[in-house]
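Trainee: I'm new to this one. Can you put it up and walk me through it?
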Amino acid sequence: MEKIKILLVDDEKEFVETLSERIRMRDHDSEVALDGEQALKKMDDDLPDVVVLDLKMPGMDGMEVLRRIRKAYPKVQVIMLTGHGSEKDEEEAKKLGAFEYLEKPVEIETLMKKVKKAYKIKFESTMMAATFAEAGEFDTAKEIRDSEEEEDSLKKAKKKSK
Amino acid sequence: MNEKEIQFIGKITAGVTHEVNNVLASIREISGLMTDILSITDEKSFPRKEKFQTSLEKIQNQVQRGVKLTCQLNKFSHLSDTNKTDVDLNEIIEHLIFLTERFARIKNITLQNRPLTQSITITSDPFLLQMSLSNGISYLLNRMGNGGEISICPEKKGSECSVSISCIGERIDKSLIFKDASSSEELLSLNSIMHSLNGVYELDELNAAIIIKISSKN
């Protein structure tokens, strides 16, 4: 089983830390950020495969964090996990590129199923590039890889500027 | 109560239900972690493992019950977000029954929704609409003795919608249900709500029913 790197973003400390522990017990990597700014900073240092993001947080709200993640790291999949979200919120989150929109509390097995599905998409895009290259379709493979490299170089540039 | 006051109460209720939901989510994760740990713990080193496991399941069931309640309360708090929107009458009734069935249960009365198979969408004030139905139910609950059923049936004829709230039960004295009805607090309040909703209510003494009539395009 592939080890997935998950970043959990929620201001409810006990909730998010316990959820993180349960994820680690299932043999995946899990990190916690208690607000949006902390989450973006952690992503600059170490890019996760999937982000599980709360909607209503003090400071930068979940929707803004989602917008920034999708812009800076388009391959990282984001699952919104919120209390009582509205249909309008769900629509907006999906429009911004959220992979899934779930309501709290959620069964851990349900959450992990969605996380694995989100990870698969990220993994498949990397595999797709390799397949195109093997088939001699270098332009398409390059296009896919370029977008991945763009993400990596952005990450490196940010690290350098610190 | 004016619109601003209703919205204020809605906003506060929504905020509190959100917080309570966070508490429930934490309890669920913590008890979930305990279940996870228990599942990898050897039975020999944990003599009362089964009892512990059953207790954890009970905690999780109560959390589930709490989540259902906060979810309905949250829906209720958002009724006051707007004073005119498209509402599904069947949904409004179902929601109201969930929130008020406790009052009926105390008197051994069941609230029975008899929804139409097709959905009835009307343009109305959801908060006032639910309040009008709640007043009708409260009136009958106060007039009925112990036991019986209150049946709530929506109906649509052309552009007019109606909801019949009637009491059913062998021990119900139908002649007493509407005695001095016009001076009752619930019906006085219902009258003023119906005025705001551009609707009317009628008393069907023969069937011991209150019929609330509203236009589907309010």
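Mentor: H1(A) and H1(B) are roughly parallel to each other (angles under 35 degrees count as roughly parallel). This is a predicted model: local features need pLDDT of at least 70, side-chain atom pairs count only at pLDDT 80 or more, and totals for chains, interfaces and linings use all residues. Residues are numbered from 1 along each chain as its sequence is written, while chains are lettered from A and ligands numbered from 1 in the order in which they are written.

Trainee: At what angle do H1 of chain A and H1 of chain B pack?
Mentor: About 30°, with the axes 9 Å apart. H1 covers residues 13–25 in chain A and residues 3–39 in chain B. Helices here are DSSP runs (H or I, at least four residues), numbered from the N terminus. Axes are lines fitted to C-alpha atoms over the stretch in contact, and angles run from 0 to 180 degrees between N-to-C directions.

Trainee: Which residues make the contact?
Mentor: From H1(A), they include Phe15(A), Leu19(A) and Met25(A). From H1(B), Ala25(B), Ile30(B) and Leu33(B) are among them. Contact requires C-beta atoms, placed from the backbone, within 7 Å.

Trainee: New topic. Which domains does chain B have?
Mentor: Domain 1 (3–80) and domain 2 (82–215), in an automatic or database domain assignment. Their centres, taken over C-alpha atoms, are separated by 32 Å.

Trainee: How many residues does each domain give to the contact?
Mentor: Seven from domain 1 of chain B and seven from domain 2 of chain B.

Trainee: On the domain 1 side, which element gives the most?
Mentor: H2(B), with three residues. That helix spans 49–77.

How values were computed: Helix = DSSP H or I, 4+ residues; strand = E, 2+ residues; numbered from the N terminus. Parallel < 35°, antiparallel > 145°, perpendicular 65-115°, else oblique. Contact = placed C-beta atoms within 7 Å.
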